[in-house]
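Here's a quick briefing to read with the model open beside you. Start by taking a look at the structure.

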Amino acid sequence: MDTIDMHNSYDTTDKDWWRGAVIYQIYPRSFQDSNGDGIGDLIGISQRMSYIASLGVDAIWISPFFTSPMKDFGYDVSDYCDVDPMFGTLADFDVVVEAAHQHGLKVMIDLVLSHTSDQHPWFQESKKDRSNPKSDWYVWADPKPDGTPPNNWLSIFGGPAWQWDAGREQYYLHNFLVEQPDLNFHNEDVQDAILATTRFWLDRGVDGFRLDTINFYYADKELRDNPALPPERRNANIAPSVNPYNHQEHLYSKNQPENIGFLKRFRALLDEYPAASCVGEVGDAQRGLELLGQYTSGPEMVHMCYAFEFLAKTKLDAARVAQVFEELEHVAKDGWPCWAFSNHDVERHASRWNLSPQAQRLFATMIMCLRGSVCLYQGEELGLPEADVAFEDLQDPYGIAFWPEFKGRDGCRTPMVWEPSNQNGGFSEGFPWLPVSHDHLNRSVSAQEEEPSAILHHYRRAIAFRKEHPALIKGDHGGVTADGDVLHFTRSHEGQTLYCAFNLSDTPSLHDMPSGNWMTIGHELGGATPSPDFKLHLGPWQACLALKLT
């Protein structure tokens, strides 16, 4: 189908719209099914656009909907320029873009560039022999003399990162599933082809991209072995502890310096359009914030990135948040982060950190006050806990491989709950691809709309509060500090200064207000007011938000 130029039909004058934006992530398989086949689709997304807009967010990010064999549920792409029939058609995508723009929402889509599906025509040609035009489009390598893989690199899904191909009598690299061969970005033809697919979607009217595994694009040209990672430096930020992937320091299989050059090319393409932007996913357990800083450090680089510091299992207390921002100040002073507590790859944070409803509300308020942009994951605004998915219902190959020590990602991918009238929560009239959690039904959108004290309304208020204060959107951060259980800082922008304090515990805390003339605000978010002696008596999971008057 011919591309259509839609980006000029929409007001995109604010090139900086992404800075401080609130982005709502949609996992299309599980958002809304419009045709009764049990799988969410693009038309379903368009049907729910007024709900998304009612949250007050700035943009949507749609996880992959491209043509795919679905070995990794769309993150294995076999055609970058078409829609998988299970999600609809290119015409349906145009409807989504139009509906979003009519509601004042930007559209970001998920680009999976580090690897393709093994069914992609590029790979099918590449594997034929060693002399075809695309023979060097993927990372191929001869075996060692004893026939074993060329080096010790491991796949993030477990086991070696190399797969033998009998036709070429060589191994190919796959940092993820065997069915996801890695592209060779050292080949400029590969870069050109990737940029051409990016232009295809920009010309269809998308406003930006989420870049999957942005630090995996290049592998070391010499294919050197990764060194072992000492046990004391290991963490489970991006892979469960049962995965041997955590036993290596991934110096050579990703994070290569050549990546900077490609990201500059990518940004230059985006700059040809009125206000296109991107957010990169940095997958690294040790150097995530450092890479975030490198990749977002200036107008030639990507606009924003997120690392996994706030997506990790580690409970977020005041000291941990302050520590993250202290490191950020050292390694990414000029960068722009994008924060998320939940997404399609991690256990929902309500369960991951065992949060009470009060704690969930405070975390929602806090993320809206941090310097950076924000990603919210569908259902987060409903306070959904992780769904318990039985082994026989699992679809995720990651969970099936590491069960029961790691149950995979299906618990955060179950269908969105819209109303409780049937077992499918209004998601589908058919049999859903993953079962709807019984525990989710009484937290549905329609049930919460009718309940004034529901967390859904708190999310709307928190987003609205951010929108009302430019200092929270684009402002500087002043001293992110932990005093006991209380995290506090200031945000300042063009003469507006806000003071933000959060009691990240289930016990009361006493805290001093800063000097100066302050007016407390944010009472609709449960914010505290100082006592006559200017002491803050913060209840469990309570914030204080104040505006400097003079």
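Which residues does F502 touch, not counting residues up to four places away in sequence? With contact meaning heavy atoms within 4.5 Å, F502 touches L362, T365, M366, C369, D485, V486, L487, F489, Q542, A543 and L545. Keep in mind that this is a predicted model, where local features need pLDDT of at least 70, side-chain atom pairs count only at pLDDT 80 or more, and totals for chains, interfaces and linings use all residues. Residues are numbered from 1 along each chain as its sequence is written, and side-chain values use heavy atoms, with hydrogens and water left out.

**Cores**
- F502 is also, with Y24 and F209, among the residues with the most contacts inside the largest nonpolar core, which has 133 residues.
- Helix α5 (residues 188-203) gives this core its largest share, 7 residues.
- Another core of 31 residues lies apart from it, and L154, A239, W336 and Y398 are among its members.
- A nonpolar core here is a set of buried Ala, Val, Leu, Ile, Met, Phe, Trp, Tyr and Cys residues joined through side-chain atoms within 4.5 Å.
- Buried means under 20% relative accessible area, exposed over 50%, and partly exposed in between (1.4 Å probe, protein chains only).

**The open sheet**
- Five strands line up in the order β14-β15-β16-β20-β18, with antiparallel pairing; two strands pair if DSSP finds at least two bridges between them.
- At the edges sit β14 (476-483) and β18 (518-521), each pairing on one side only.
- From one strand to the next, the twist averages 20°.
- Strands β16 (residues 496-503) and β20 (residues 543-548) share 5 bridges, and A501 stands opposite C544 in β20.
- Helix α10 (residues 357-367) packs on the sheet, touching β15, β16 and β20, and its direction makes about 155° with that of β16.
- Helices (H or I, at least four residues) and strands (E, at least two) are DSSP runs, numbered from the N terminus.
- For the angles, axes are lines fitted to C-alpha atoms, for helices over the stretch in contact, and values run from 0 to 180 degrees between N-to-C directions.

**Strand β19**
- Strand β17 (residues 509-512) runs antiparallel to β19, joined by 4 bridges, and H511 stands opposite L536.

**Cysteines**
- A search of the whole structure turns up 0 disulfides, a disulfide being a pair of cysteine sulfur atoms within 2.5 Å.
- For C278, the nearest cysteine sulfur is that of C305, 7.4 Å away.
- For C375, the nearest is that of C338, 3.6 Å away.
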